[in-house]
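User: I would like to go through this model and ask what stands behind each label. Please set the values against the definitions.

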Amino acid sequence: MATRTDPLTFEVVELIGTVVARYYDEYEDAAAEHALTGAQARVLSLLSHEPMPMRRIAQKLKCEPSNITGIVDRLESRGLVERRPDPADRRVKLAAPTEEGRATATRLRDALGFAREPLAGLSTEERTTLRDLLRRMLGEDGAGS
């Protein structure tokens with residue numbers, strides 16, 4: 001079993017850290033080009049997949065719901081997000097992207113070449129293996145973890 005001081009494990013951890021740092025740097029740069037903070041861009045990106053209550057956004061981004069309220073307020077004031085009643089529970093408000101918000105989220109996603117371009121150089125089999133290994137590291141491998 002690998003230990004934290006195993007040279008290979010240490011190198012893998014360092015490489016993962018470098019990938020994450022580069023991704024966040026590029027994400028911040030792409031967000032700034034749209035006059036957004038990185039946090040605003042992450043919320044907008046998350047909402048482009050599906051509308052959700054602010055508590056769930058906070059859970060996904062691992063932050064306090066009060067922080068999300070402020071971020072959604074700023075995105076709403078820019079016309080990128082709107083609040084609407086949840087059809088399943090009208091007491092709950094969902095944050096949802098507007099058309100402009102969806103378009104901005106798409107432009108942000110298209111600007112992130114760092115991860116996409118190197119991944120395109122990997123075969124489908126290699127990308128599948130990488131995905132499966134990352135899921136396994138996160139305990140999402142579906143094998144009863």
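Analyst: A helix here is a DSSP run of H or I with at least four residues, numbered from the N terminus. Q40 is found in one of these, helix α2. The model is a predicted one.

User: Why is Q40 called buried?

Analyst: Buried means under 20% relative accessible area. Q40 has 8% relative accessibility, so Q40 counts as buried.

User: Which residues is Q40 in contact with, leaving aside its neighbours within four places in sequence?

Analyst: Contact requires heavy atoms within 4.5 Å. With those neighbours left aside, Q40 is in contact with A35, I71, R74 and L75. A35, which comes just after α1, takes a positive phi of about 55 degrees.

User: What makes the pair Q40 and T37 a polar contact?

Analyst: The cut-off is 3.5 Å between N or O atoms. A polar atom of the Q40 side chain lies 2.9 Å from the backbone nitrogen of T37, so the pair is within the cut-off.

User: Why is S77 called exposed?

Analyst: S77 is placed in helix α4, residues 65-77. Exposed means over 50% relative accessible area. At 64% relative accessibility, S77 therefore counts as exposed. Its side chain also has a polar atom 2.8 Å from the backbone oxygen of R74.

User: How do you know that the span of helix α1 agrees with its number of residues?

Analyst: The expected span is 1.5 Å times one less than the number of residues. Helix α1, residues 7-33, has 27 residues and should span 39 Å; its end C-alpha atoms are 39 Å apart, so the two agree.

User: What caps the N-terminal end of α1?

Analyst: D6 does, with a side-chain oxygen 2.8 Å from the backbone nitrogen of L8.

User: Which residues of α1 are buried, and what covers them?

Analyst: The buried residues of α1 are Y27, A30 and A31. Their cover includes α2 (38-49) and α5 (99-111).

User: What lines the largest pocket?

Analyst: A lining residue has an atom within 4 Å of a pocket point. The largest pocket has 21 such residues, with I16, V19, V20, L130 and L134 nearest its centre. The elements that give two or more residues to this lining are α1, α6 (113-120) and α7 (124-137). The volume of the largest pocket is about 1,100 Å³.

Methods. Residues numbered from 1 in each chain as written. Predicted model: local features only at pLDDT ≥ 70, side-chain atom pairs only at ≥ 80, totals over all residues. Heavy atoms only, no water. Buried < 20%, exposed > 50% of the residue type's maximum accessible area, 1.4 Å probe, protein only. Polar contact = N/O pair within 3.5 Å; in protein donor to acceptor, adjacent residues only side chain to side chain. 1 Å grid on protein atoms, 1.4 Å probe; cavity = no way out; pocket = protein on both sides within 12 Å on 5 of 7 lines; lining within 4 Å. Points joined across faces, edges and corners; volume = space filled by probe spheres on them.
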